[in-house]
Number of protein chains: 4
Amino acid sequence: MIVVMQKGATESQIVHVTETLKELGYTVHPDRGEHQTILGVVGDTRSLDARSMEVLDGVAEVLRVTEPYKMVSRSFKPSDTVIDIKGIQIGGPEVIVMAGPCSIENESQIHTIAAFVKKAGAKILRGGAFKPRTSPYSFQGLGVEGLKIMKDAADANGLVSISEIMDIAQIGQMEPYIDILQVGARNMQNFALLKELGKTRKPVVLKRGLSATIEELLMSAEYILSGGNAQVIFCERGIRTFETYTRNTMDISAIPVVKKRSHLPIIADPSHGIGLRDKVIPMARAAVAAGTDGLMIEVHNEPDKALSDGAQSLFPEQFTQLMSELRAIARAIGRTIE
Amino acid sequence: MIVVMQKGATESQIVHVTETLKELGYTVHPDRGEHQTILGVVGDTRSLDARSMEVLDGVAEVLRVTEPYKMVSRSFKPSDTVIDIKGIQIGGPEVIVMAGPCSIENESQIHTIAAFVKKAGAKILRGGAFKPRTSPYSFQGLGVEGLKIMKDAADANGLVSISEIMDIAQIGQMEPYIDILQVGARNMQNFALLKELGKTRKPVVLKRGLSATIEELLMSAEYILSGGNAQVIFCERGIRTFETYTRNTMDISAIPVVKKRSHLPIIADPSHGIGLRDKVIPMARAAVAAGTDGLMIEVHNEPDKALSDGAQSLFPEQFTQLMSELRAIARAIGRTIE
Amino acid sequence: MIVVMQKGATESQIVHVTETLKELGYTVHPDRGEHQTILGVVGDTRSLDARSMEVLDGVAEVLRVTEPYKMVSRSFKPSDTVIDIKGIQIGGPEVIVMAGPCSIENESQIHTIAAFVKKAGAKILRGGAFKPRTSPYSFQGLGVEGLKIMKDAADANGLVSISEIMDIAQIGQMEPYIDILQVGARNMQNFALLKELGKTRKPVVLKRGLSATIEELLMSAEYILSGGNAQVIFCERGIRTFETYTRNTMDISAIPVVKKRSHLPIIADPSHGIGLRDKVIPMARAAVAAGTDGLMIEVHNEPDKALSDGAQSLFPEQFTQLMSELRAIARAIGRTIE
Amino acid sequence: MIVVMQKGATESQIVHVTETLKELGYTVHPDRGEHQTILGVVGDTRSLDARSMEVLDGVAEVLRVTEPYKMVSRSFKPSDTVIDIKGIQIGGPEVIVMAGPCSIENESQIHTIAAFVKKAGAKILRGGAFKPRTSPYSFQGLGVEGLKIMKDAADANGLVSISEIMDIAQIGQMEPYIDILQVGARNMQNFALLKELGKTRKPVVLKRGLSATIEELLMSAEYILSGGNAQVIFCERGIRTFETYTRNTMDISAIPVVKKRSHLPIIADPSHGIGLRDKVIPMARAAVAAGTDGLMIEVHNEPDKALSDGAQSLFPEQFTQLMSELRAIARAIGRTIE
């Protein structure tokens, strides 16, 4: 951390800031320039609130030199982390596709879709049993019953499964049935939940909050890693901006940025990222071109009758066509899709 | 809901959209204009995803006519709701001030501050025992022990108390000690928690999420009201924008907007809204001038040594001075502060 | 336009709103529902400010049914517009690459870069002579002298040229030397300039403002088209969001959205969109995968010594490598790059 | 400027960065810590693009220590600047109110309104003659003819006048009639215009762009001051956020922030800041409570028939009532309104 003093800062102000830092256990290296004094602060400043220095008299600005996160950082572990789930590797050369309905609705629906996406090349089956809905009057999901029928459908088709967790109490309910636990955008900073997920041994897909900075996304993962679970996969799913023609603005640039800052893999969810079926396809292609490690795509056998998010679910034939385009794009940049 | 068909929409597209809506149980009133057909949809469309119509062939746009919320709406209950907590009324002519430290740190700290804010005119004591922190390496609060010493301090000074709840499991822990449960910005869409709060009989302060629209804030309250708890108080605490000179951008206009849309009271939290002590004061004044029903202000006996958010906590003497200015402003617009 | 009356609106309020609309020359179709009256407004409401109805007593909401733009709309002209500039076609199956330095610095620089980008496959030479800089103390460009040496470099290499215009007075200065006039993000709503560009016969690249909605971008083009110049090419170059790890957030989804709403072509500028060299490459690939009609990329022979924006300029060898990846991606989605 | 090297940066990378900085004329003070080397850069780095260092190998981050602006800064001139316009002082203890219609529509309209606002306590008459409109099909203003009738109305009522300038060519047209030139939000970074305004001797009200940071606002003023015109008044008029219930989000906190960073005065425009008549009043009150030096408020004798922005214009009797509330609030914080 660097504390920049104001141009007219007095000697006693400089001394007061220096002493305050020393009391907190830091070593201070002053650099007394002609116009301005700058204090270099040495020690672990990750848990020091920069603003507590900023409000001291004579301080112009406080700058962080070190990243606030640690175990998620690429400087902590320079090589890519590859997460292996029953033989499927996320973070390696293959781009892994997760597909399925927004919500698990009934047995026949999930079996039909599972068989279909498997055939088209997906490796992981997605489907929601506990649904976070903006309105209390919307369909809230089948709950544990949904998890059970999803497990059957995944097993029957040789697929691995992923589903969203909304509350600590659901961890025990999900573990027997689901391979990957997904934390939704609205819970990205539900720290109580993140702490508990640090104690599980299931891989976690951590979705970026609608207005979360990339730094905050990395910090939330730090909660899981520091709790003992190193299997975190980030997911870009669109951020909130002023634009109203799209539901969210999918931040494709988060893919190369996260991969530079962290060793952990990142996938993209164009279905939520853009929110309308006809634009899911170009955004899925863009994510692969930008280097995503995986995709999560909503597919439904009858999107017009889906109980949730039908508007962003692909028709089966659209998904097959998309998979073939994605394969060609992956090849163009030296990666593969099976 | 109104479905606007494209200019060149075919007869069969219009029929398909109409039939789809009828199958969902709605009545459709078509208005066949010279250039364009418009379909009026009658029935409760609150739980219908507009996008599921938007993706149908021939549809140009889908417009909502009714508000998606119900029980929180002023059209549901035209008169102001006044919430009474042990004789203190929020939503009436008096502007209620809640003050205290960010975190409860120890007995002497909370007692000192409680006595002080009471004397200066605050009615409610705030203080955090479970702290949501961006970093897992930051101070996480004293937990239940903190709640106990806070209750003592509140009781000793004739104050009502408010503290933040982060997880369902904490409801039972907090109820014996705390009068008002506060849902933080990061949990505004933690729907599992909101549902449980609908079952309690404690008033809830619901803080607006950093990137939550006012409509989403109202929808989240709908979870609590529809669960059976009508004592919800909104709280504006700053939203996330592109500006970097302030921590958040406090949306003062949310105060008159919420009061027009809903019958429930709204308070403002300038300490989090702006994040730096010297600007808390003008923002607190602005909130009162704009018509807030209450304020939540962080005050600390030794802000420089606070374990969290010291930079936004007022010194005791600043708080006294502020209270006197607020009284004059409240009077200028026909309200009171004791 | 549709005016939704409040649930409790009185008969006299409904009559007043109806009369106000009739005085303005509109026909009103009332739909008196059980709970609520809805007024359909027929006539050209593009220049009617919706808010002037919204403030009338008894009005709940005003909804626009028609797009506010006209000549840029795909419903006005359903087929794609292809703009031909000396035989180069923008908006057709080929993805056109524009490349060159941020600023024209001197004769040898622009000739070296022109020869290089031509060889690598670019069709259009970009370079700034009038530079909009946030700081008055930064390099402001070579002016007309720069345009002259740029024309020589373009001619010598069989390239078409594009450069930014900042003021009406520069139109006459640029016309003899430059083939495409570019309106920068900061001038997207400089309506005085747009009106004058409507009178020229040069194609115009209109960049999206940092915080402009897609609707506003289309409206700004309407100024040029309604003035008589139909050769407008949109350009997505990044929008401003809360994220701070990237300079801007490149809104890749604007590409499919604009192509659906308008018949005019759209290109992407990943150099400004992301602002750092190492991420320009994945974002350029993503734009092609999403369906852009062209790309504008900053390339410099010595980026480290560039007088402006060196950090986002590619090294020559990076550009060659990128062009080869882009060709493969274009092919994967059925388009071409020469 | 401070260049933070990566943890594993090599000696040759450190030397390369150091040499690059020296070639640019800077002195470099290296601080070789245990884990990381930090380079302090001494010299005027205001015109150095931080990103050009950021892309060099081995660099982790580049931090600015000095503000990029100079003459507008409070460290350049610590005392408040008070701008005197024919005896009216902006930036002193009195809060100055500017009021009038959005557009000048005809002689009788502007005379009626001028007489009215004068009587209610306004000191400055506002009114637009050149109107920036999103749509080319909306009313574009009366032009020079409007300026003439506005001057008559101002003179007849002992008011000073302010009107918006949109293009360099209008400077000469406005100077004979108008006392204060206003730069609208869309032209805040029209640098060609700002440079010319630096050469005039008229005070300039510079409105913050819809998505401009406060830093960019200050930088734009630097163009005017460095050109020789020191009479700049800032104006907060709402920023663009994700919220859709209000037209813009008025950033009240910009008032204390600008006053801390700069010696120049700042006023607020709640009419544009919020965009709907009924919320203009609480936002005007909030701005005064937060310390604004002035207000710009749209008032119309017949808002329902206004040719532009009628929805945000106050009725005369609302304005009178507001002025009386504002006087009481100004008094509460130690300021005055006549």
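The model is a predicted one.

**Chain A as a whole**

Begin by selecting chain A and hiding the other chains. Its C-alpha atoms occupy a box of roughly 75 × 45 × 40 Å along the principal axes. When coloured by secondary structure, chain A shows eleven helices and 14 strands. Chain A has 338 residues, of which 57% count as buried.

Next, colour residues 2-63 and residues 83-332 of chain A separately. The former stretch is domain 1 and the latter is domain 2. The C-alpha centres of domain 1 and domain 2 of chain A are 44 Å apart.

**Chains A and C**

Now display chain C together with chain A. How is chain C laid on chain A? A turn of 180° with a shift of 0.0 Å along the axis brings chain C onto chain A, with an RMSD of 0.0 Å. This is the relation of a two-fold axis. To locate that axis from the side of chain C, select C:A286, whose C-alpha is the one nearest the axis in chain C, at 2.0 Å from it. The same surface serves both copies, since 100% of the contact residues of chain C recur in chain A.

Select the residues where these two chains meet. There are 34 residues of chain C in contact with 34 residues of chain A. On the side of chain C that touches chain A, at least two residues each come from helix 7 (214-226), helix 8 (254-261), helix 10 (277-290) and helix 11 (316-332) of chain C. Helix 10 of chain C gives the largest share of that side, with eight residues. Colouring the side of chain C that touches chain A by residue class gives 20 nonpolar, eight polar and six charged residues.

**Chains B and D**

Turn to the other pair by selecting chains B and D. Chain D is superposed on chain B by a rotation of 180° with 0.0 Å of shift along its axis, and the RMSD is 0.0 Å. In chain D, the C-alpha nearest this axis belongs to D:A286, 2.0 Å from it. Of the interface residues of chain D, 100% are also interface residues in chain B, so the copies meet through the same surface.

Here 34 residues of chain D are in contact with 34 residues of chain B. The elements of chain D that give two or more residues to the side touching chain B are helix 7 (214-226), helix 8 (254-261), helix 10 (277-289) and helix 11 (316-332). Helix 10 of chain D supplies the largest share of this side, seven residues. By class, the side of chain D that touches chain B has 20 nonpolar, eight polar and six charged residues.

Select residues 316-332 of chain B, which form helix 11, together with helix 11 of chain D.

Select B:L225, which is in helix 7 (residues 214-226) of chain B. Is B:L225 buried or exposed? It counts as buried because it has 21 C-beta neighbours inside 10 Å. Leaving out residues up to four places away in sequence, B:L225 touches B:M71, B:V72, B:A230 and B:V232. For a distance check, draw a line from B:L225 to B:T244, 19 residues apart along the chain: their C-alpha atoms are separated by 36 Å.

Finally, select A:V55 in the loop between helix 2 (50-54) and strand 4 (59-63) of chain A. With 18 C-beta neighbours inside 10 Å, A:V55 counts as partly exposed. Apart from neighbours within four places in sequence, A:V55 is in contact with B:L276, B:R277 and B:A311. The C-alpha atoms of A:V55 and A:E107, 52 residues apart along the chain, are separated by 60 Å.

Terms used
Residues are numbered from 1 along each chain as its sequence is written. Chains are lettered from A and ligands numbered from 1 in the order in which they are written. This is a predicted model: local features need pLDDT of at least 70, side-chain atom pairs count only at pLDDT 80 or more; totals for chains, interfaces and linings use all residues. Copies are superposed by least squares on the C-alpha atoms of residues with pLDDT of at least 70 in both. Two residues are in contact if their C-beta atoms, placed from the backbone, lie within 7 Å. Domain bounds come from an automatic or database domain assignment. Helices (H or I, at least four residues) and strands (E, at least two) are DSSP runs, numbered from the N terminus. Ala, Val, Leu, Ile, Met, Phe, Trp, Tyr, Cys and Pro count as nonpolar, Asp, Glu, Lys and Arg as charged, and the others, Gly among them, as polar. Axes are lines fitted to C-alpha atoms, for helices over the stretch in contact, and angles run from 0 to 180 degrees between N-to-C directions. A residue is buried if 20 or more other C-beta atoms lie within 10 Å of its own, exposed if 12 or fewer, and partly exposed in between; C-beta atoms are placed from the backbone.
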